[in-house]
Structure formats: structure tokens, C-alpha cells
Amino acid sequence: NADFEGWIVKQSTWRKEWRRRYMLLKGTTLFFAKDESSVPHQVIHMQDVEKIGEEQVLGRPLAFRVTMAKQESGANILKQMGAESTFLLQAERKDDFT
């Protein structure tokens with residue numbers, strides 16, 4: 001069972017398109033899926049997050065950036081694997097943002 005779940009808008013990794021995704025928070029792990037019945041295709045481990053802050057994105061009110069902590073030995077491996085070190089997200093409603 002999720003501690004929190006709902007819809008969020010996320011910028012895609014490769015095409016940089018904004019897509020609506022279903023988000024589930026279970027403990028300290030955040031999962032993203034295409035919809036409520038899809039298998040999650042992306043994960044953020046909150047213990048690895050360095051910073052979360054508001055982000056000014058034209059036409060995207062309530063946008064925010066999640067920056068992952070840089071690990072000395074893992075930074076190059078993450079880049080080679082295509083793993084993201086920054087996620088751009090947008091809450092759909094102000095109530096979701098706080």
C-alpha cells in the first residue's frame with residue numbers, strides 16, 4: 001500500500017516532453033508509472049535526494065526540481081547508464097505542491 005499516490009507531470013528524460021504520470025510514495029521510495037494500473041517504470045530513492053526546490057519553467061506553474069546527491073564513485077556510472085541526476089516535476093494543483 002502506498003503512503004501517498006496521485007498524478008504529477010514529469011519532464012521526460014530523452015525528449016524533454018512533459019508527461020502526466022501516476023506517482024506512488026512507499027516509505028522513502030517514489031515510483032512513477034504511466035497510469036494507476038501500469039507497472040512503475042522509474043524510481044527515486046528519497047534518501048539519495050540532495051535538494052528539492054521550486055523551478056521557474058515557462059508555462060509550468062508549480063514546477064520543481066529534484067536533484068540527486070552526487071556520489072564520487074557513482075557519478076560516471078550513472079551518466080553511462082543514462083540515469084538522471086535531476087528530475088523536473090510539476091504539481092497539478094497548489095494543494096499537491098505543499
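Student: Which residues does T67 touch, not counting residues up to four places away in sequence?

Tutor: T67 touches V49, E50, K51, S85 and T86, where contact means heavy atoms within 4.5 Å. This is a predicted model, in which local features need pLDDT of at least 70 and side-chain atom pairs count only at pLDDT 80 or more, while totals for chains, interfaces and linings use all residues. Residues are numbered from 1 along each chain as its sequence is written, and side-chain values use heavy atoms, with hydrogens and water left out.

Student: Why is T67 called buried?

Tutor: Buried means under 20% relative accessible area, exposed means over 50%, and partly exposed lies in between, with a 1.4 Å probe and protein chains only. T67 has a relative accessibility of 16%, so T67 counts as buried.

Student: What makes the pair R19 and E17 a polar contact?

Tutor: A polar contact is a pair of N or O atoms within 3.5 Å; within protein, one must be able to donate a hydrogen and the other to accept it, and residues adjacent in sequence count only if both atoms are side-chain atoms. The side chains of R19 and E17 are joined at 2.8 Å, so the distance meets that limit.

Student: Which residues does V66 touch, again not counting residues up to four places away in sequence?

Tutor: V66 touches V49, K51, I52, S85, T86, F87 and L89.
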